[in-house]
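Here's a quick walk through this fold, strand by strand and helix by helix. Have the viewer open and follow along.

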Amino acid sequence: MKKQALIRHLERSGCYLLREGGNHSIYVNRVDNRTSAVPRHREINDFLVRKICRDLGIPAP
């Protein structure tokens, strides 16, 4: 999955960018106050996409 498509899905699901790390961007779910790191690659593996969504408590795209 493309990184931009994942970020669009996260933001539509109520998550927001907390901060930029060294190699990752940290996103937070406002409702559950759960965090997850999103790597800065153009293409993100589907297994990792599902794990990020599970960590944030939102449905996978």
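## The β2–β3 pair

Strands β2 and β3 run antiparallel and are joined by six bridges. If you want a spot to check by eye, look for isoleucine 26, which stands opposite alanine 37 in β3. Keep in mind that this is a predicted model.

Four residues sit between the strands in the β2–β3 hairpin, and asparagine 33 takes a positive phi there, near 55 degrees. What makes that worth a second look? Most residues other than glycine have a negative phi. Asparagine 33 is not a glycine, yet its phi is positive at about 55 degrees. Is asparagine 33 buried or exposed? Its relative accessible area is 61%, so asparagine 33 counts as exposed, the cut-off being over 50%.

## The rest of the sheet

On to β1, which pairs with β2 in the antiparallel sense over five bridges. Leucine 17 has its bridge partner in β2, and that partner is tyrosine 27. The link from β1 to β2 is a hairpin with three residues.

Put together, that gives an open sheet of three strands in the order β1-β2-β3, with antiparallel pairing. Its edge strands are β1 and β3, each of which pairs on one side only. On average, neighbouring strands in the sheet are turned by 30 degrees against each other, if you ignore direction.

## Serine 36 in β3

Now zoom in on serine 36, found in strand β3. Serine 36 counts as buried because its relative accessibility is 7%, and the cut-off is under 20%.

Which residues does serine 36 touch, leaving out those up to four places away in sequence? One group is Ser25, Ile26 and Tyr27, and the others are Ile52, Asp55 and Leu56. Helix α2 covers residues 46-56, and α2 lies across β1, β2 and β3, running at about 160 degrees to β3.

## One side of α1

Helix α1 spans residues 3-12, and its buried residues are Lys3, Leu6, Ile7, His9 and Leu10. Why do these end up on the same side of α1? Because they cover an arc of only 160 degrees around the axis. The general rule behind this kind of pattern is that an α-helix has 3.6 residues a turn, so residues three or four places apart point the same way.

As for what covers the buried residues of α1, the list includes β1 (15-20), β2 (24-29), β3 (34-39) and α2 (46-56). After α1 comes glycine 14, with a positive phi near 100 degrees.

## How the two helices meet

The axes of α1 and α2 come within 12 Å and cross at roughly 15 degrees. Angles under 35 degrees count as roughly parallel, and α1 and α2 are therefore roughly parallel to each other. Their crossing is right-handed.

Which residues make the meeting between α1 and α2? From α1 come Leu6, His9 and Leu10, while α2 brings Val49, Ile52, Cys53 and Leu56. Leu6, His9 and Leu10 are also among the buried residues of α1.

Note on methods
Residues numbered from 1 in each chain as written. Predicted model: local features only at pLDDT ≥ 70, side-chain atom pairs only at ≥ 80, totals over all residues. Heavy atoms only, no water. Buried < 20%, exposed > 50% of the residue type's maximum accessible area, 1.4 Å probe, protein only. Arc of directions from axis to C-beta. Contact = heavy atoms within 4.5 Å. Pairing = 2+ DSSP bridges. Axes fitted to C-alpha atoms, helices over the stretch in contact; angles between N-to-C directions. Parallel < 35°, antiparallel > 145°, perpendicular 65-115°, else oblique. Left-handed = near helix turned anticlockwise from the far one by under 90°.
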